[in-house]
2 protein chains.
Amino acid sequence: MSTIKARTLSGFNDYLPQQMAVRQHLLKIIQEVYESYGFEQLNTPTLEYADVLLGKYGQEADKLVYRFNDLGGRDVAMRYDLTVPLARVAAQYQDLVKPFKRYQIQPVWRADRPGKGRYREFTQCDVDVIGSSSPLTDAELITILYEVYTRIGFKQFTVRINSRQVLFTAMKEAKIPEDKALTVIQSIDKLDKLPKSGVEAELKAKGFSSIQIENIFAALGRAKPDPYLQQVLEHLEMLGVDSAFYRFDPILARGLDYYTGPIFETVVEEPKIGSISAGGRYDQLIGRFTGKSMPACGTSIGLERVVDVIVENGIWGDIAPSVTQVLVAQLDPALESATVGLSQELRQAGIRTELYHESAKLATQLKYANKKQIPFIAVYGPDEAKNEMVLVKDMKSGKQKLITLNQVAAYIKGLLP
Amino acid sequence: MSTIKARTLSGFNDYLPQQMAVRQHLLKIIQEVYESYGFEQLNTPTLEYADVLLGKYGQEADKLVYRFNDLGGRDVAMRYDLTVPLARVAAQYQDLVKPFKRYQIQPVWRADRPGKGRYREFTQCDVDVIGSSSPLTDAELITILYEVYTRIGFKQFTVRINSRQVLFTAMKEAKIPEDKALTVIQSIDKLDKLPKSGVEAELKAKGFSSIQIENIFAALGRAKPDPYLQQVLEHLEMLGVDSAFYRFDPILARGLDYYTGPIFETVVEEPKIGSISAGGRYDQLIGRFTGKSMPACGTSIGLERVVDVIVENGIWGDIAPSVTQVLVAQLDPALESATVGLSQELRQAGIRTELYHESAKLATQLKYANKKQIPFIAVYGPDEAKNEMVLVKDMKSGKQKLITLNQVAAYIKGLLP
């Protein structure tokens, strides 16, 4: 039989144990902060009927949706974000208690060109409120972002805040016809990837005159927060968010069609990977399913990008190098039953314990513990067995000590952090 | 704009917050047990090149793989299990320290006919060892299953244990040609879904004579564990697994092609949903990528089925009815800043706190807390504010008490479990 090449698709990642340790630690922080504000978890399917997802993100985004016919000939699509599935859920289960405060942590798929910080499969950590039009809601979501990034240990990040009303008012002042406003906003959205001249060229290609383009930038330049956004900003202060970490930014646009009110995103200076979180208010999206508008607001943290920021800036140093806390060595088949018993006893004491899979030379087992960065090794060989003692060795310092069999669990527990 | 019907695909589930609470609690137990044996987490992509997945499970299984051409024309497939992706990882990253003890908890997709306990998207919780041919490894994996189910609180379950060697020996005794053995095993595998007569009919349709079929069942009836399996069973005793919860079962077959040694699965009497976990040894699978055989063994717990067993047997009663521990009411817009401050103070004390999104009648907010089963409500209205007191009400007993503002966090913390 010929062999198959072991490889992954471009834009799709394996996460090996050391990477998973960072992801898990980060997820724990995110989940704790979300739950501390009373948000509850939701999961939705990977595949949806295509019409559930399409026609809500905008034309450019729709092209990036993974879509195919399943074996039953159904037109299906893979989750592109967690917001549209939430809107579908809110419409489908109308007896959900409102405000429905939910969080959701699941992968999404976009057939985008892979690049730094841009993957075809990535994990979003969303937090949304359905059924509240209070500006406190929008402010609470921004506060949650602030808390997550602060708890991670970020010293530098900025939440840029704007609103669709600010943008639409500026378009009106620049005399852009109403039905052209969204396409202008989509070009403006590219200002963080393209130079201003690039955005101007794109607007020209879309048929806008030089004077119109000049008017757009002039109007954006003198824009002020609309009354609702002003209230959101006041609530941020009330919630104790340090004003060094957010600012009103009238050129922030966000590309997705479904936003209707305040919009926000978080950026860092290093590394250059675009926004690490984004969100906003989308009061008309649930109505696409129900015919009735329903206030809604949310934000999403991009797990992989935040991990990139943590790793590239060395924020956490070396975390959790090994799940296993102690390796129980096996030197002699005649002592197998005793070492198996010892390993079970250590586990029952709450110590994460690995038993070496077969009798082997101690050197081999020390080498294995070293490679896996296991902090301690416990040896119960023929010499130790004579006196019912266990040799416990600290793999880092090299120090070792003989401990009686019935005290070894307590002794090792005392060595652990 | 016309509305879109909010609906999900058959075989795909939403998991609402109360269901997620059960799933999360179960995942915590599974993860803790896996890690207590020193297993580390891995994640692999949802999509793989189709040739990575196909041709390893068997013809019937291959038909159930979700497969399509992506936008770049690549022949891709959705993860069908976690074992083949692990084999691909073991082949692709050859410097992984062996034995590589990994666990992996991710959804998989099968275009099967949906039914009770059978979904098209479901979550597998896999635990595997790559690089060990010790019978202790197989036994440790079965011990892990035993520990997970015992910790959940299952009073009744059986791990059925057999091996491919036992089956092949029986086929030889029944004079079945070697190249026909696997198709017979695939029919035998259906004995837990079909009556014996149904399996006999299927074997007849496959061209086996009545005498051959009789011989097959006779040979299986007198089968004994092979020497390797015998050692696995001895190690189970050594590891302290109660023999009431496992048994040698020569008619256990498991459908997947890739198994080469011991195989096992866990069944419960109620509800009738097929196996809740399955696994075995697959020493030739990694060789499909590398050309060299590599010992490997693993098992997989089906998350949704285990949840079904927990829920249908009422094993956990009512767990975690609400993430939020206290609702801070808002009665008066003039006190908004103070209630916002109170809610932040409670959160900082480690209490999961929800602030009602806007000023409203107390009755409305009590109704909301009731519906969401939030255990406590804290009221700081005009009357309470006069004396800088907070009214804390236990929603279940109806008891309430006035507490001074600076002691309320400590007081509520004392009420929590």
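Which residues does Asp126(A) touch, not counting residues up to four places away in sequence? I looked this up before anything else.

**Entry: ground rules.** I am working with a predicted model, where local features need pLDDT of at least 70, side-chain atom pairs count only at pLDDT 80 or more, and totals for chains, interfaces and linings use all residues. Residues are numbered from 1 along each chain as its sequence is written, chains are lettered from A and ligands numbered from 1 in the order in which they are written, and side-chain values use heavy atoms, with hydrogens and water left out.

**Entry: confidence.** I noted that chain A averages a pLDDT of 95, and 99% of its residues score at least 70; pLDDT is the predictor's confidence in each residue, from 0 to 100. The model has an ipTM of 0.95 and a pTM of 0.95.

**Entry: Asp126(A).** I found this residue in strand β6 of chain A, residues 121–130 (strands are DSSP runs of E, at least two residues, numbered from the N terminus). Asp126(A) counts as buried, at 2% relative accessibility (buried means under 20% relative accessible area, with a 1.4 Å probe and protein chains only). To answer my question: Asp126(A) touches Tyr34(A), Leu82(A), Thr83(A), Arg102(A), Tyr103(A), Gln104(A), Thr299(A) and Ser300(A), where contact means heavy atoms within 4.5 Å. With Ser300(A) there is also a polar contact, side chain to side chain, at 2.5 Å (a pair of N or O atoms within 3.5 Å, one able to donate a hydrogen and the other to accept it).

**Entry: rings.** In chain A, one aromatic cluster is formed by Tyr57(A), Tyr80(A), Tyr258(A), Tyr259(A) and Tyr282(A).

**Entry: two copies.** I checked how the chains are related: a rotation of 180 degrees with 0.0 Å of shift along its axis superposes chain A on chain B, RMSD 0.1 Å (least squares on C-alpha atoms of residues with pLDDT of at least 70 in both). That is the relation of a two-fold axis. Phe68(A) comes closest to this axis of the residues of chain A, at 3.3 Å by its C-alpha. I also noted that 100% of the interface residues of chain A are interface residues in chain B too, so the copies meet through the same surface.

Methods:
Rings of Phe, Tyr and Trp (its six-membered ring) pair if their centres lie within 6.5 Å; planes under 30 degrees apart count as stacked, over 60 as edge-to-face and the rest as tilted. Helices (H or I, at least four residues) and strands (E, at least two) are DSSP runs, numbered from the N terminus. Buried means under 20% relative accessible area, exposed over 50%, partly exposed in between (1.4 Å probe, protein chains only).
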